[in-house]
Amino acid sequence: MFSTATFAVNVLSFPYEADFSSSMIDVEYGKESSLILPDLKPSDTVFISLHTMASLDLTVLRGSNVIATAPFEIEGRSHIFVDYLVVTKRHFFMADEAGDYALYFTPSTPKTPYSLVKSGDLDISISQTTFNGHEMLNVTLSSFKRNMDERFPKIFLIYPVNIIAKEDFEVSGVIGLSKGGVSMVTINIVDETDYAFYSYLILEYFVKEGTLRFFEVNATSKEMFGLGNISGDDISFICIGMGLDKLHFAFENEDIVFASVLLGDLNILNGGKLVKVDAEAHNVFSVPYEVYIFSKYRPSHYVYVLQSCIVIGLIMVGAAIFTRGKRQG
Amino acid sequence: MENILSGIKSYYGENKPMFIILLTYSIILATICIIEILKADGFYGWSLYPYFDYVSKVHATPFIDFRSGYPPVGLLPYYPLFKISDGVVSFQLYFTFVNVGALTLSMFFIYLVLSSAYSKANAIKSIAIITSLPFIAMVSFYSSGWYKTLYGVYILHAVEPLSLLFMTVSLYCMIVRRTPTLTGLFIGIGFMTKIYPILLLIPAIAFFRSRSDALKLLYTTFASTLIISLPFLILDPLMYATVFLHHATRGPSNTIYALIEGFYGHTGLLHPAFDQFLYYWQLVKVYPPRTNDHAFYLWKNPSLPIVLFVCQVVALVACYLLLRKHSDSRAFVKGSCLTILSFVFFSKLYSPHFAAFILPLVVISFDKFVYKVLFGVSLYVMHEIQGLLWSRNFYDLRFPLFTSEVIIRSLAILAVIVLLSYELIKGVVKG
């Protein structure tokens, strides 16, 4: 009875409500911004939502000890092209001991209109530049040959649109290779109707350094693999995919592999409405955030007594049922 | 020893066709899966391997620190396979062998049930139809050049074969052995594998009518469920509740109700893996419901899930009332199928994995050979078409083909429900 009561009290008195706070944090590329979470209890679960397209690295410290944060791995599928993940970045950690914790946010790139998703071991830097009179983003991908597991590690610059592709649908812009070697640059359209990721080649691997090229993809453009058509379909994202090709550097002695890609004047026309995506990179910006501190259930020592009592109780009830059955039989 | 050997020999002699069919079946299934594993070259859309890998990397205990999509028996028996494997390919091979074994054993128990309720001829015909379906898989496999078949999907990635095994063992204990204790035990274990087998409790309660038998049935179902759950229930009842509760907010998919909601994709959750450390009500706070988030779904027609739930309850009660009028074991084979199909028909989501138990149930529920073939094969083809839709380059055709497949499959299941209900109402149960 006592162990059951303890168990019931434990479950009923559990703090089901979260400690919640939300505000804005000012961050600067290349610098750390901090947020203090005082008085966490052991096993407290901290969930941080950052409402931004920018990527921010998070370091959690208790005193001078770094606490591991959970890696962002997706349950289900291997990509994250859904708006609630693209426009909100999430982090998670569990407090290992009681105490004050400090969260340090560091933008991994300046803030652009795009959300960044990368596959493979890549360093990325982004800056704003003017090239041949065009305002452009200079996106540099780099890696070490020894670290490159896959031949084409790549990044996607994701821009959410949420439109139905009309007859006049068109994505246009300017793309170029400033330095290094790319495997290819593609415009990718996430088509929710066909449940497909359509790719359109806009820059090939043999393109020369310093070349600028205008590109245009419309509702009837031929997809790279000739798979389908986006006309009339529900489009959720437009992504610019850039791959790094280590074969470009096969005969170079240096270990580093890199490519600097220029992207500018991205325009999205649909149903007579034109959206201009500015090639802007902001080093200083504000991020709205939410922090949830959840409690984790911890059983009392009496649960083992309760477990034994339940098993004994089950045996007694079972014995009563079966002996009664036998007597009746 | 000699007696045992001669017993086995004579059993083999009496049931030779069944042994030949099951041996061929298991070899074909294993071959299909081994080819698919080797062709996939370590790439899998979904597998338990990344789940175990993540859990072991972060040193978390499933059901206590971390939620799982399945109850304990649906997950933990596969964990030792992860521990002894040296990568995803070997894990998938071991996983396949367990699932092929479970499917083959399920066919054996179906054979025993049908031999007892009908005749050996009926049993052989039924398992011949069910086990010949992989041949269709092989035809589509070679003709399409694509390595993913329906069998590949659910043997490589799902726990349904294990769930089917416990369902068929429960049926065997109910219809052949007529022991409420064992029936309850296996229904409980099945429930702890993938929830659906608990539905067999409805025909089982109607079957074991005496108060003492019904008590034994309910007791063993409850006791087996509780014993399996106890360690997790005691150490973190809130996380254990989350394992079941998290299905409540899932959106519809692969059903006519999903089409009504305007969703034409297949089932799947796009969420960070670390979400699984949180309790259900904590996640509800973090993720407000949205129409494109299929883990925390905002219904466009809010009354639809309530209507579906009421329909499921009414269907289960109706099945029980129908079966109470019968005492013939054939009626209970049909009634068991009817109960599960009625529940599935009103479910908000459907997965091609369900074919693992839907197809055998449909085939064994009919007396007439032509119905077995008609419904079994046509439902199988519908499932294969959906597999091909997602795996091949049908992009522009996906919408019309997917919609047609969902509607035809739902109508076929509805037709089976109507036919079985008619047979049970009219008492038309033939040998």
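Where chain A and chain B meet, the contact takes 43 residues from chain A and 38 residues from chain B, two residues being in contact if their C-beta atoms, placed from the backbone, lie within 7 Å. On the side of chain B that touches chain A, the elements giving two or more residues are helix 12 (211–235), helix 13 (237–245), strand 1 (271–272), helix 15 (280–286) and helix 20 (395–426); here helices (H or I, at least four residues) and strands (E, at least two) are DSSP runs, numbered from the N terminus. Helix 12 of chain B gives the most to this side, with 9 residues. By class, the side of chain B that touches chain A divides into 22 nonpolar, 8 polar and 8 charged residues, where Ala, Val, Leu, Ile, Met, Phe, Trp, Tyr, Cys and Pro count as nonpolar, Asp, Glu, Lys and Arg as charged, and the others, Gly among them, as polar.

This is a predicted model, in which local features need pLDDT of at least 70 and side-chain atom pairs count only at pLDDT 80 or more, while totals for chains, interfaces and linings use all residues. Residues are numbered from 1 along each chain as its sequence is written, and chains are lettered from A and ligands numbered from 1 in the order in which they are written.

Strand pairing also links the two chains: strand 6 (residues 74–75) of chain A and strand 1 of chain B run antiparallel and are joined by 2 bridges, strands being paired if DSSP finds at least two bridges between them. Within this pairing, A:Glu75 has B:His271 as its bridge partner.

Turning to chain A itself, its secondary structure comes to 3 helices and 20 strands. The radius of gyration of chain A, taken over C-alpha atoms, is 27 Å, well over the 20 Å that the globule rule gives for 329 residues, so chain A is more spread out than a compact globule; that rule is 2.2 Å times the number of residues to the power 0.38. Along the principal axes, the C-alpha atoms of chain A fill a box of roughly 90 × 55 × 45 Å.

The domain assignment, which is automatic or from a database, gives chain A domain 1 (15–109 + 284–294) and domain 2 (115–277). Their centres, taken over C-alpha atoms, are separated by 29 Å. The contact between them takes 8 residues from domain 1 of chain A and 11 residues from domain 2 of chain A, and the domain 1 side has 5 nonpolar, 2 polar and 1 charged residues.
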